[in-house]
Structure formats: C-alpha cells, structure tokens
Protein chains: 2
Amino acid sequence: MQVTARAEYALRAVAELAAEPERPLSRNDLAEAQGLPGKFLESILRDLVRDGILTSRRGAGGGFQLARSPGEITLADVMRAVDGPLAAVRGVAPEGVSYPGAAQALTDVWVAVRAAVREILESTTVADLVAGRLPESVQRLISSEDAWHRR
Amino acid sequence: MQVTARAEYALRAVAELAAEPERPLSRNDLAEAQGLPGKFLESILRDLVRDGILTSRRGAGGGFQLARSPGEITLADVMRAVDGPLAAVRGVAPEGVSYPGAAQALTDVWVAVRAAVREILESTTVADLVAGRLPESVQRLISSEDAWHRR
DNA sequence: ATGAACTCTATTAGATCAGTAGGATTAGTA
DNA sequence: TACTAATCCTACTGATCTAATAGAGTTCAT
C-alpha cells in the first residue's frame with residue numbers, strides 16, 4: 001500500500017493549479033512552487049492532460065490549467081490518471097482473485113480495502129484539498145489521536 | 001496501493017494453518033494446499049516465524065503452526081511481518097511528509113487513507129478470515145453493490 | 001544412519017520507479 | 001521574419017523491488 005511519487009506529485013501540481021485559476025502555470029512554475037523535479041513532473045502533467053484532468057497551451061505564455069472546476073475533480077481521478085487503478089492484488093482487480101479452501105474470504109477483504117480507499121479519494125475533491133476542508137467522513141478518520149501514531 | 005504477492009501468500013498460508021491447528025504443516029503441505037511456489041513461500045514463512053506469528057519445528061514430522069490463537073492474530077500483523085508498514089508515501093510514513101502552499105492538507109489525506117486501511121486489517125483476525133465472518137464494519141464496506149464493480 | 005524437514009546465503013530475470021537528455025513542435029511578441 | 005517561451009515526444013538510465021530459484025547446512029524423529 002505505497003503511494004508513489006507520481007501520485008503525490010500529480011496531486012501537488014493540481015492543487016497548485018486550483019489555487020491559481022486565472023492564468024496558465026508552466027511546468028517550471030509548478031516545479032518551483034512545490035519543489036519537484038521539472039522533467040519528471042512534465043511526464044506526469046502529460047498523463048493528466050491525456051486523461052482530461054488538465055488542459056495545456058503551448059508556446060509563450062502557455063502552460064497548464066484545470067479542465068474542470070476544482071470541485072469536480074476528485075483525488076481518485078488524479079491518482080488513476082497517473083498510476084492506473086487505485087487498488088490491486090498482484091496487479092489484478094480485487095474482485096478478480098479467488099482462493100481455495102481456508103482463504104476463500106480473502107477476496108472480501110481486498111474488496112473492502114478498495115472500497116475504503118475509494119470512499120476517501122472519491123469523496124475528496126481538489127477544491128476540498130486546497131481549502132483544507134476535507135469531507136466529514138474523512139475528518140472522522142483523522143480525528144482519532146492514534147491515526148497519527150506509527151504502529 | 002498494490003497488495004504484493006508476499007502479503008497475499010502469507011495470509012493464505014496462515015489461513016491454512018488456522019484451519020488445521022492440530023498438527024504442524026510443512027512448507028510443501030502449505031504450498032500444495034494453496035497452489036503456491038514452495039521456495040518462495042519458504043522465505044515468507046521465515047518472516048512470519050521471525051515476527052512471532054508462527055512457530056516452526058525442524059526435522060521429520062516438523063513444520064509450522066500458529067504461535068497464538070487465530071483470534072489473536074490480525075491480518076495487519078501478518079502483512080506487516082512480510083512487507084513492513086501497511087501504508088507509506090514514497091517510503092515515508094504519512095505523518096512524516098509535509099507540503100508547501102496549496103498542497104498542505106495532503107498529509108491529512110494520507111493519514112486518513114492509512115487509518116481506513118488499518119481499521120479493516122487490524123479489526124479482522126485470522127479466525128474471522130477462515131470462518132468467513134468478517135467484522136461488522138468490514139461487511140458494511142462490501143455490502144454495497146458497486147464495491148464489487150470496477151471503476 | 002536415513003530421510004524429512006526447516007534454516008540460511010546467494011543469485012537471477014524481469015519489472016517498476018524516479019529521473020534525465022535532447023530534439024520537434026507550437027505560439028506569442030518584437 | 002526572427003526570437004523565445006513553452007509543451008510534446010522518444011528514448012534512455014540507474015537503482016530498487018519483486019517473484020522466484022538453487023543449493024548447501026542443520027535439526028530431529030524413527
């Protein structure tokens with residue numbers, strides 16, 4: 001259950017774009033604002049354009065902008081654009097795996113894990129992220145003290 | 001958010017051991033019962049012994065057994081034994097990352113994701129798994145029809 | 001003694017991850 | 001028209017991880 005650098009960088013760039021909706025921001029603007037490696041970020045931005053999360057304009061004064069309003073882009077949309085499906089078991093979707101004998105119920109566990117992750121990442125929009133006001137159900141998860149403690 | 005083969009194989013082996021508590025099962029018994037590669041499983045079993053999830057006995061008639069009762073081993077215990085921490089961002093624990101500017105609240109999102117995953121994997125025991133009776137909170141997550149549908 | 005079984009070290013082929021290099025193309029501006 | 005800013009595209013690299021195998025050593029019951 002590792003979050004990749006691609007996913008993280010994508011979300012940081014998108015947050016920055018949501019905070020500056022007036023003008024396009026260039027790859028370098030974004031890289032500097034968030035301290036990200038420019039060329040690597042570039043390939044991430046292209047994924048986001050391909051998936052219709054961003055629009056781009058070439059040439060002088062060009063750059064990237066959100067294709068929809070920040071309230072209509074979920075964190076799941078962004079992560080799937082750069083990394084593919086949110087959750088998988090050995091590369092296969094949870095409902096696609098099955099087990100013999102004693103381990104049969106394991107499929108249900110994987111489905112539950114994916115559902116839990118979806119609940120967070122599909123209910124939280126980029127607008128929520130930049131406003132720092134996460135949905136009620138997400139707030140509840142982080143309000144417990146030991147959500148912040150390493151196990 | 002990929003579940004590795006190690007984690008999956010570990011849980012399948014542990015489930016099998018919980019279903020046959022009387023006698024030790026050998027690496028080959030387990031590999032055959034679940035259709036897993038024997039030598040690879042071996043290194044996974046050693047991780048589980050090292051972390052005190054299993055006990056082992058060498059020699060003829062030896063094999064592996066659960067070190068505690070199945071109701072006292074959570075799925076999280078097993079997964080952490082073979083893969084390390086359940087959730088991380090670029091290899092760092094969620095509470096250890098921080099972001100400038102517009103992306104500040106991203107830390108909260110990662111903490112929420114980890115908390116959600118923990119809630120499932122720490123509340124479900126190996127006994128629940130083999131009985132096919134997952135905790136109430138986990139059942140709720142998979143009862144929705146579209147938890148089973150690819151997005 | 002024999003053989004069944006775990007323990008341990010090493011190795012490997014392939015994939016993925018994070019990141020870089022460099023040129024081609026597009027577009028605004030002087 | 002030239003210049004420059006910017007995206008687009010292809011290719012490549014080094015490091016790490018993943019899944020798996022090989023083979024020798026050790027323990028123990030019979």
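The model is predicted, so local features require pLDDT of at least 70 and side-chain atom pairs count only at pLDDT 80 or more, while totals for chains, interfaces and linings use all residues. Residues are numbered from 1 along each chain as its sequence is written, chains are lettered from A and ligands numbered from 1 in the order in which they are written, and side-chain values use heavy atoms, with hydrogens and water left out.

**Chain A**

- Chain A contains 7 helices and 4 strands, where helices (H or I, at least four residues) and strands (E, at least two) are DSSP runs numbered from the N terminus.
- Read from the N terminus, the order of its elements is β-α-α-α-β-β-α-β-α-α-α.
- Along the principal axes, the C-alpha atoms of chain A fill a box of roughly 65 × 35 × 25 Å.
- Of the 151 residues in chain A, 50% are buried, that is, under 20% relative accessible area with a 1.4 Å probe, counting protein chains only.
- Contacts (heavy atoms within 4.5 Å) between residues at least 6 apart in the sequence of chain A join residues at least 24 apart in 55% of cases.
- Chain A has an accessible surface of about 6900 Å², and carbon and sulfur atoms account for 47% of that surface; the area comes from the Shrake-Rupley method with a 1.4 Å probe.

**How the two chains are related**

- The same surface serves both copies, as 100% of the contact residues of chain B recur in chain A.

**The surface near DNA strand C**

- DNA strand C is surrounded by 24 residues, and the closest are A:Lys39, A:Arg58, B:Glu42, B:Ser56 and B:Arg58; a residue is near a strand if one of its heavy atoms lies within 4 Å of it.
- Sugar or phosphate supplies 62% of the atoms of DNA strand C within 4 Å of the protein, and bases supply the rest.
- A side-chain N or O atom of A:Arg58 is 2.6 Å from a sugar or linking oxygen of DNA strand C, a polar contact (a pair of N or O atoms within 3.5 Å).
- A backbone N or O atom of B:Arg27 lies 2.9 Å from a phosphate oxygen of DNA strand C.
- The elements that give two or more residues to this surface include helix H1 (5-19) of chain A and strand E2 (54-57) of chain B.

**The surface near DNA strand D**

- Around DNA strand D there are 23 residues, the closest being A:Arg27, A:Glu42, A:Ser56, B:Lys39 and B:Arg58.
- By class, this surface has 7 nonpolar, 7 polar and 9 charged residues; Ala, Val, Leu, Ile, Met, Phe, Trp, Tyr, Cys and Pro count as nonpolar, Asp, Glu, Lys and Arg as charged, and the others, Gly among them, as polar.
- A polar side-chain atom of B:Arg58 lies 2.7 Å from a sugar or linking oxygen of DNA strand D.
- A phosphate oxygen of DNA strand D is 3.1 Å from a backbone N or O atom of B:Ala5.

Note on methods
A polar contact is a pair of N or O atoms within 3.5 Å; within protein, one must be able to donate a hydrogen and the other to accept it, and residues adjacent in sequence count only if both atoms are side-chain atoms.
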